[in-house]
Amino acid sequence: MEVYEMSETEKENRIEDLDLAIENLLHAKECLVKAMNDIEDIEEADDLRGYFESDLNEVNHLLDMLNDEIKEILEEVDMWENDYVERMREYRQQQGF
């Protein structure tokens, strides 16, 4: 569903869901970094480090996508509010306020 098709409640719920997903991904990222640090000195763990780095890149990519979606929702809300404020200003000018 596109942002402009969402009701205010749906937008708020989506932002809450995205915040929770981001929180979970940040925890996963923290665990990956800790695991990478734990195996840093083990020469036989090169493949495992590669997997961890790949997973870390994927987590970062997902975090970027979720942040972009939140920004899109918030920008759409801001655009609507700015449009409303501009229309009210024009109305007041027409009414002589």
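Start at methionine 6, in the segment before helix 1. Helices here are DSSP runs of H or I with at least four residues, strands are E runs of at least two, and both are numbered from the N terminus. Methionine 6 counts as buried, because its relative accessibility is 15%. The classes are buried under 20% relative accessible area, exposed over 50%, and partly exposed in between, with a 1.4 Å probe and protein chains only.

A word on the model before moving on. This is a predicted model, in which local features need pLDDT of at least 70, side-chain atom pairs count only at pLDDT 80 or more, and totals for chains, interfaces and linings use all residues. Residues are numbered from 1 along each chain as its sequence is written, and side-chain values use heavy atoms, with hydrogens and water left out.

Zoom out to the whole chain. It has 2 helices and 0 strands. Of its 97 residues, 22% count as buried. The accessible surface comes to about 7800 Å², and carbon and sulfur atoms account for 49% of it. These areas come from the Shrake-Rupley method with a 1.4 Å probe; for residues, only the protein chains shown count as cover. Turn to contacts, meaning heavy atoms within 4.5 Å. Among those between residues at least 6 apart in sequence, 66% join residues at least 24 apart.

Next, the salt bridges. The term covers a side-chain nitrogen of Lys or Arg within 4 Å of a carboxyl oxygen of Asp or Glu. Searching the whole structure gives 4 of them.

Select glutamate 69 and arginine 14. Their closest N and O atoms are 2.7 Å apart in a salt bridge. Glutamate 69 belongs to helix 2 (residues 46–95) and arginine 14 to helix 1, so the pair ties together parts 55 residues apart in sequence. Glutamate 69 is partly exposed at 25% relative accessibility. Arginine 14 is also partly exposed, at 28%.

Move to aspartate 38 and lysine 34. This salt bridge spans 3.7 Å, N to O. Both residues lie in helix 1, 4 residues apart, about one turn of the helix. Aspartate 38 is exposed, with a relative accessible area of 53%. Lysine 34 is exposed at 53% too.

Go on to aspartate 46 and arginine 49. Here the closest N and O atoms of the salt bridge are 2.2 Å apart. The two are 3 residues apart in helix 2, so about one helical turn separates them. Aspartate 46 is partly exposed, at 48%. Arginine 49 is buried, at 16%.

Last stop: aspartate 17, in helix 1 (residues 8–38). It counts as partly exposed, because its relative accessibility is 47%. Now select Glu12, Glu16, Asp19 and Glu23 as well; together with Asp17 they form a negative surface patch. Patch residues have over 30% relative accessible area and no salt bridge; like charges are joined within 9 Å, and nonpolar side chains (Val, Leu, Ile, Met, Phe, Trp, Tyr) within 5 Å. Lys and Arg count as positive, Asp and Glu as negative, while His and the chain ends are not counted. Each charge is placed at NZ of Lys, CZ of Arg, CG of Asp or CD of Glu.
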